[in-house]
Amino acid sequence: MAKPKPPVQKNETIELAFEDLTHEGNGVGKVNGYPLFVPYGLPGEKAKVKVVKVKKNFGFGKLLEVLEASEERVEPPCDVYLQCGGCQLQHMSYAMQLEMKHKQVKDALKKIGHLEHVSVHDTIGMDDPWRYRNKVQIPVGEKEDGELMTGFYQKRSHKIIDMDTCLIQDERNDRMVETVRRIATRLGISAYDEESHRGMLRHVMVRTGQATKDIMVVLVTKTKQLPEQDKLIDEIRDAFPNVKSIIHNINSGRTNVILGKETKVLFGDEYIYDMIGDIKFMISPKSFYQVNPTQTKKLYDQALAYADLRSGETVIDAYCGIGSISLFLAQEAKKVYGVEVVPEAVTDAKKNAKLNRMENVEFYVGQAEEIMPWWRNQGLRPDVIVVDPPRKGCDEKLLEAMIDMEPERIVYVSCNPSTLARDLRVLEDGGYATQEVQPVDMFPQTSHVECVSQIVLKEAGTQ
Ligand SMILES: C[S@@+](CC[C@H](N)C(=O)[O-])C[C@H]1O[C@@H](n2cnc3c(N)ncnc32)[C@H](O)[C@@H]1O
């Protein structure tokens with residue numbers, strides 16, 4: 001039987017009641033059972049909506065006017081919130097953001113993993129959910145009068161928004177970007193233009209150590225030369241006496257990738273330091289380092305609690321990056337093996353182990369799904385395995401090797417509840433039980449959620 005036609009038409013203006021939220025934070029309202037997804041709509045609200053896209057089974061709308069507002073609606077503090085694609089939830093109270101993330105995890109476990117019985121704790125939030133990011137990479141553009149401007153791209157475009165501040169960035173990052181922009185304008189340094197592939201300064205990247213207060217600034221140019229280089233360095237140092245590292249990175253390609261291969265140190269070292277808990281990290285311009293150290297500490301503490309180490313265990317940390325979780329685990333384990341596919345990250349991991357005088361960790365470069373079966377075939381039998389994969393989750397071969405190795409506990413750190421739920425189902429079918437899941441809000445004001453799960457071998461644990 002042919003499906004009935006959608007009950008709305010493109011460009012039609014309707015009144016809509018929102019019942020739910022999508023994972024991206026869009027409001028969901030229904031017209032005769034036909035769902036419409038509308039950015040900035042909140043459950044419990046009524047709004048005037050323009051239908052902008054109609055598909056067979058669902059459509060999209062644009063919020064024109066809120067007719068009945070939810071108590072959870074708040075005024076977004078950022079002036080460019082509606083243009084910029086960086087944040088999605090500033091119109092929602094922080095309590096509602098945390099609840100939305102909790103529900104997102106619970107729903108995924110139920111719908112994808114059939115794990116409705118698993119206890120999902122309330123999301124661990126921040127006391128102050130603003131100014132948490134320790135790293136900014138911001139494109140540079142030029143105004144009509146030749147003055148440089150810096151700002152993120154408008155949603156779904158490469159048009160730079162002229163902005164002075166980003167409210168989720170550390171204030172020092174904002175001030176450094178503003179300082180470079182002002183000095184570079186005065187020194188006649190031009191902005192790179194993507195379309196014509198002309199000009200110099202492409203991006204300004206700033207990293208700050210939250211605990212150490214170290215600052216690194218990276219000037220990314222298309223050209224090999226950076227005119228007035230000495231003046232630029234002196235003026236940045238005058239404005240920021242505690243800047244530890246000024247770097248020139250050259251990226252002459254027509255590409256969306258921000259950093260190029262060639263890097264020159266203009267002042268100081270090629271790295272800065274930061275601390276998470278008692279562990280010190282050396283961070284170079286290209287190293288992956290968690291952007292919210294306050295919440296990272298909470299996430300890693302929970303991972304460590306779920307690993308439940310008593311100093312005699314052998315542990316594997318798969319997808320280990322620069323070894324940050326590995327070093328946390330090594331504080332309490334007998335031996336930790338880390339595996340990571342990016343060779344530079346493994347180099348950093350080894351340096352970080354040395355820096356913290358930890359000798360009970362070994363890092364390997366390779367695909368975790370290749371190295372784990374190899375370890376299994378070599379007879380390695382860890383007590384605990386920690387995985388922290390990218391959004392696509394764990395590879396099947398890795399899950400299979402993990403089950404064969406029969407660790408007593410698995411700790412799964414995930415940035416994507418859907419792939420987490422899929423992989424937990426495989427582990428459940430392979431003889432493991434998911435005990436609990438703890439969501440942690442690493443990215444307030446955005447729709448992303450991170451969580452850490454404790455999984456135990458069924459004979460060893462309770463169900
Ligand atoms: C979410 S990050 C976790 C990093 C680290 N655990 C941390 O907390 O900083 C995922 C890591 O997995 C790495 N990766 C991606 N695919 C991989 C694979 N097939 N094998 C091993 N590592 C991989 C990425 O390079 C990245 O460093």
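**Figure 1. Packing of helices H1 and H9.** Helices H1 and H9 cross in a right-handed sense, where a crossing is termed right-handed if the near helix is turned clockwise from the far one by less than a right angle, and left-handed if anticlockwise. The model is predicted: local features require pLDDT of at least 70 and side-chain atom pairs count only at pLDDT 80 or more, whereas totals for chains, interfaces and linings use all residues. Residues are numbered from 1 along each chain as its sequence is written. Two packed helices are described by the angle between their axes and the distance between the axes. For H1 and H9 (residues 417-429), the angle is about 35° and the axes are 8 Å apart; axes are lines fitted to C-alpha atoms, for helices over the stretch in contact, and angles run from 0 to 180 degrees between N-to-C directions. Helices (H or I, at least four residues) and strands (E, at least two) are DSSP runs numbered from the N terminus. On the H1 side the contact involves Gln104, Val105, Ala108 and Leu109, which meet Pro417, Ser418, Leu420 and Ala421 of H9; contact requires C-beta atoms, placed from the backbone, within 7 Å of each other. This contact comprises six nonpolar, two polar and no charged residues, with Ala, Val, Leu, Ile, Met, Phe, Trp, Tyr, Cys and Pro counted as nonpolar, Asp, Glu, Lys and Arg as charged, and the others, Gly among them, as polar.

Figure 2. Lys111 belongs to helix H1 (residues 94-111). Lys111 counts as exposed because it has 12 C-beta neighbours inside 10 Å; the classes are buried for 20 or more other C-beta atoms within 10 Å of a residue's own, exposed for 12 or fewer, and partly exposed in between, with C-beta atoms placed from the backbone. Although Lys111 and Ser418 are 307 residues apart along the chain, their C-alpha atoms are separated by 9.0 Å.

Figure 3. UniProt lists Cys415 under "active site" in an unreviewed entry; UniProt positions are given in the numbering used here, feature names are shortened, and annotations may be inferred rather than shown by experiment. Cys415 is placed in the loop between strand S19 (409-414) and H9. Its 17 C-beta neighbours inside 10 Å are the reason why Cys415 counts as partly exposed. Not counting residues up to four places away in sequence, Cys415 touches Arg391, His448 and Glu450.

**Figure 4. The shell around the ligand.** The ligand is surrounded by 19 residues, of which the closest are Tyr319, Gly321, Val341, Ala368 and Asp388. Helix H5 (324-330), strand S16 (335-340) and helix H7 (368-377) are the elements that give two or more residues to this shell. A residue is near the molecule if its C-beta atom, placed from the backbone, lies within 6 Å of it. By class, the shell contains twelve nonpolar, four polar and three charged residues.

**Figure 5. Residues annotated as a binding site.** The unreviewed UniProt entry assigns "binding site" to Gln290, Tyr319, Glu340 and Asp388. Gln290 occupies the loop between strand S14 (279-283) and helix H4 (293-307), and counts as buried because it has 22 C-beta neighbours inside 10 Å. Leaving aside neighbours within four places in sequence, Gln290 is in contact with Thr296 and Ser324. Glu340 lies in strand S16 and is buried, with 27 other C-beta atoms within 10 Å. With the neighbours within four places in sequence left aside, the contacts of Glu340 include Tyr319, Cys320, Gly321, Phe363 and Val365.

**Figure 6. Packing of helices H2 and H3.** The axes of helix H2 (residues 171-186) and helix H3 (residues 229-239) come within 10 Å and cross at roughly 145°. The H2-H3 crossing is right-handed. Thr179, Val180 and Ile183 of H2 make the contact with Leu232, Glu235, Ile236 and Ala239 of H3. Five nonpolar residues, one polar and one charged form this contact.

**Figure 7. Residues with positive phi.** Asn32 is not a glycine, yet has a positive phi of about 50°. Asn32 sits in the loop between strand S2 (27-31) and strand S3 (34-38) and, with 8 C-beta neighbours inside 10 Å, counts as exposed. Asp308, likewise a residue other than glycine, has a positive phi near 50°. Asp308 is located in the loop between H4 and strand S15 (314-318) and is partly exposed, with 15 other C-beta atoms within 10 Å.

Notes: Contact = placed C-beta atoms within 7 Å.
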